[in-house]
Amino acid sequence: MAELNVSAFVPTHTAPPVLRSDDVQVRWVMPEIYYDLPIHEADDDEAIRLLEELVDKALPGAGEDEKTQFGVVCALGFDDLLAAGAEYAAIGVTAVDETPCTATVFAALVDSPEVDGGVPGAVREISSSLRRMDAGDASRIELPCGPAVSYIGARESQFTGELTESGEGFTFPTSFIRVYVPLPNGTTLIMEMSTPTAAGWDTFSTMFGNTVSSIRLFNADGSPLITAGTTGTTGASGA
């Protein structure tokens, strides 16, 4: 499956780790196996310190070589996350049948499509745009916070030659779920989970379903906000 082209969606806000725009706040709950990535840390020394702290928590008892390699893999992913407009990102580490598995989750705020109909109209337009691509599985879903669109697909990712014995890089398949949650202020929350480890897909996708189901919206004064609209599908199926 081809990588989803989101060039029409332009990042508009900075807001980690609780995404904030002028009048809407977005909150969610991450599983304990995920660790925040310091993708927006401007100080290199502090970023290294935070990465080292992350690696120690994620790989307790691992050897120094293994920790170093994992830290480098995390750091090399920063550019791709920032290019995707990520305002928040975290990496998850677990083992499935003794197979080490990792996944990355990121969140971004982007401009919603310019269509009539408010949040339901934006959901319809995003869903239609994804379906026209015919590259993955797009579905309208109903989350506790309101209507949304899920998109499941796969893309080719690049592994740098810096981490291979031959010095040559290679590509590998990465599966992902991306969820679009239009907000009533003309922006859309995008949250994505991706994993290169097939053995961890069921575990990570189930966790991601719980994460997107935990999304809650709040007004600037802290009062709860639930967007109106029925998409025709109940729950976070496919996410």
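## Overall picture

A residue counts as buried when its relative accessible area is under 20%, as exposed when over 50%, and as partly exposed in between, using a 1.4 Å probe and protein chains only. The model is predicted, so local features need pLDDT of at least 70 and side-chain atom pairs pLDDT 80 or more, while totals for chains, interfaces and linings use all residues. Residues are numbered from 1 along each chain as its sequence is written, and side-chain values use heavy atoms, without hydrogens and water.

The protein has five helices and 11 strands; these are DSSP runs numbered from the N terminus, with helices (H or I) of at least four residues and strands (E) of at least two. Among contacts (heavy atoms within 4.5 Å) between residues at least 6 apart in sequence, 62% join residues at least 24 apart.

## Strand 4 and its partners

Let's turn to strand 4. Spanning residues 88-96, strand 4 has seven of its nine residues buried. Strands pair if DSSP finds at least two bridges between them. With strand 3 (residues 34-36), strand 4 forms three antiparallel bridges, and Tyr35 sits opposite Ile91.

On strand 5 (residues 99-111), nine bridges join antiparallel to strand 4, with Gly92 partnered by Ala103. Two residues separate strands 4 and 5 in a hairpin, and Asp97 in the turn has a positive phi of about 50 degrees.

## A serine in helix 5

Ser205 belongs to helix 5 (residues 201-213). Ser205 counts as buried because its relative accessibility is 12%. A polar atom of the Ser205 side chain lies 2.7 Å from the backbone oxygen of Trp201.

Technical notes:
Polar contact = N/O pair within 3.5 Å; in protein donor to acceptor, adjacent residues only side chain to side chain.
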